[in-house]
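Hi,

Here is the structure I promised to pass on. Could you have a look at it alongside my notes below?

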Amino acid sequence: MGAQVLGKVTQATDGPRGPDVEHRIQVAREWLEEGASIEFELPRNLSCAVCGGGGCDACDRAGAISTRGRRELPELVQVKLPVRNDEGPPSSGPRSLVIRVPAHGGLAAEGSDLPRGNLLLRIKVADEADPGITRLSDLTPVPAPPAHAPRVGLPAWIKLLAVAVVLYVLVLIFLRLSGRG
Ligand SMILES: [Zn+2]
């Protein structure tokens, strides 16, 4: 049910969880204008979102937070960019924005079943995207079902007539061959 799913998302975003991390990426301006979907590899260690790397209680003064275990494979994160709102003077468009991605942040303390923290994705708009960022091909629109071909079939009575004629000819041939024609 929708309400339950919403509740889950809220919990994953704001409830008890692992530490939040931040990651800065750069995307091409057109991607934002078109609301593109992107994919990138999440670094294993990212800055603590609370202190920005300076060290605080959330990160045990380390400044950096792990998003996966040492032996786990790199994680690919997919995000759909919000379409940039281009109202107002052309130069006033946002140069950067932040997307909050639940459950892609830091690991919770070992032994706890808390979800991972949030990933705060700080997106900077530039002429070119970071090399590590891939634009996913936009979802291809579902191909329209083939147009209903106009029925070219013959009317049923013609088919029946054809079958009758063929049978008649076969009978004639049979009679002829058997010498009774
Ligand atoms: Zn910190």
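Along the chain, the donors of the zinc ion follow the spacing C-x2-C-x4-C-x2-C. The protein donors are the SG atoms of C48, C51, C56 and C59, and they lie 2.2 to 2.3 Å from the zinc ion (donors are N, O and S atoms within 2.8 Å of the metal, or 3.2 Å for Na, K and Ca; water is not among the atoms, so sites may look incomplete).

Before going further, please note that this is a predicted model, in which local features need pLDDT of at least 70 and side-chain atom pairs count only at pLDDT 80 or more, while totals for chains, interfaces and linings use all residues. Residues are numbered from 1 along each chain as its sequence is written, and side-chain values use heavy atoms, with hydrogens and water left out.

Back to the zinc ion: its site is tetrahedral, with angles of 104 to 113° among the four donor atoms (four donors count as tetrahedral if all angles lie between 85 and 135 degrees). For orientation, the ideal angle for four tetrahedral donors is 109.5 degrees.

How do the cysteines sit relative to the surface? C48 is buried at a relative accessible area of 0%, C59 is buried at 6% and C56 is buried at 12%, whereas C51 counts as partly exposed at 24% (buried means under 20% relative accessible area, exposed over 50% and partly exposed in between, using a 1.4 Å probe and protein chains only). The structure holds zero disulfides, a disulfide being a pair of cysteine sulfur atoms within 2.5 Å.

C59 turns up again in the lining of the largest pocket, together with P19, A58, D60, A62, A64, I65 and L107. About 170 Å³ of space lies in this pocket. On a 1 Å grid over the protein atoms alone, a pocket is an open set of points where a 1.4 Å probe fits, with protein on both sides within 12 Å along at least five of seven lines; lining residues have an atom within 4 Å of a point. The volume is the space filled by probe spheres set on the points, which are joined across faces, edges and corners.

D60, also in that lining, has a positive phi near 55° although it is not a glycine. D60 is exposed, at 67% relative accessible area. A103 has a positive phi too, about 65°, and is not a glycine either; A103 is partly exposed at 30%. Most residues other than glycine have a negative phi.

Best wishes

Key:
Tetrahedral: all angles 85-135°; square planar, octahedral: opposite > 155°, others 65-115°.
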